[in-house]
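Dear colleague,

Please find the structure below, handed over for your study.

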Amino acid sequence: GGTRAGQWYPDDAERVDKTARDLLQQALGVPLDAVAALVVPHAGWRFSGATAAHAYRAVYKNRYERVLLLAPSHYEPLGPRAVVTDAARYRTPLGPVTLDQAGARTLAATARISVATATVAGEHALEVQMPWLRVALPDVPVLPVVVGPLDAAGMRAMADDLRALV
């Protein structure tokens, strides 16, 4: 897992859980059965927590085979490709989030996606989502993917790679 607990979001289990649950309770709307995708901000929780809660409220406690969590690369110059991790778990203050290793292997077999565990672990855009996922979808494995810059053709090709898991 990452290292921004205590800066971008609370750093202990009780505060993370209480903050997330309070924001989810205040969020408008009710869980929806057919949500296929969410767009969630990845700033620190004090800036984006309420907005993130509205998104996660829509899928709260729903059943999914996996969460495919895409994030831009802020620190590694990836070029027009993406990376996944081969790790089994992602550490959060609430405990570990189970990662989808089989899905990661499937993606890593494509030409545009490879394994770069350190890049995934260091990407804050993924890290700030993990406690939300631990609260909102606690039993769903997560497949984090860090994506480099893509033009329209690259987006279509990456979508083809990801489609096998959707």
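**Pockets**

The largest pocket holds about 780 Å³ of space. On a 1 Å grid over the protein atoms alone, a pocket is an open set of points where a 1.4 Å probe fits, with protein on both sides within 12 Å along at least five of seven lines, and lining residues have an atom within 4 Å of a point. A volume is the space filled by probe spheres set on the points, which are joined across faces, edges and corners.

Please note that this is a predicted model, in which local features need pLDDT of at least 70 and side-chain atom pairs count only at pLDDT 80 or more, while totals for chains, interfaces and linings use all residues. Residues are numbered from 1 along each chain as its sequence is written, and side-chain values use heavy atoms, with hydrogens and water left out.

The largest pocket is lined by 25 residues, of which A36, A37, L38, V67 and L68 are the closest to its centre. Strand β1 supplies the largest share of this lining, six residues; helices (H or I, at least four residues) and strands (E, at least two) are DSSP runs, numbered from the N terminus. The lining of the largest pocket has 21 nonpolar, two polar and two charged residues. Here Ala, Val, Leu, Ile, Met, Phe, Trp, Tyr, Cys and Pro count as nonpolar, Asp, Glu, Lys and Arg as charged, and the others, Gly among them, as polar.

The second largest pocket holds about 180 Å³. Residues that line it include L70, V147 and R163, and α7 gives the most, with five residues.

**Sheet and helices**

Four strands form an open sheet of mixed pairing, in the order β1-β6-β2-β5; two strands pair if DSSP finds at least two bridges between them. The edge strands, β1 (67-72) and β5 (113-115), each pair on one side only. Strand β2 (residues 82-84) pairs with β5 in the parallel sense over three bridges, and S114 in β5 is the bridge partner of V83.

Helix α3 (residues 101-108) lies across β1, β2, β5 and β6 (142-147), whereas helix α7 (residues 152-163) lies across β1, β2 and β5.

**Aromatic pair**

One aromatic pair was found in the whole structure. The ring centres of Y56 and W132 are 5.7 Å apart and their planes are at 10°, so the pair is stacked. Rings of Phe, Tyr and Trp (its six-membered ring) pair if their centres lie within 6.5 Å; planes under 30 degrees apart count as stacked, over 60 as edge-to-face and the rest as tilted. Y56 lies in helix α2 (residues 45-57) and W132 in helix α6 (residues 130-136), 76 residues apart.

Yours sincerely

Terms used:
Contact means heavy atoms within 4.5 Å. Axes are lines fitted to C-alpha atoms, for helices over the stretch in contact, and angles run from 0 to 180 degrees between N-to-C directions.
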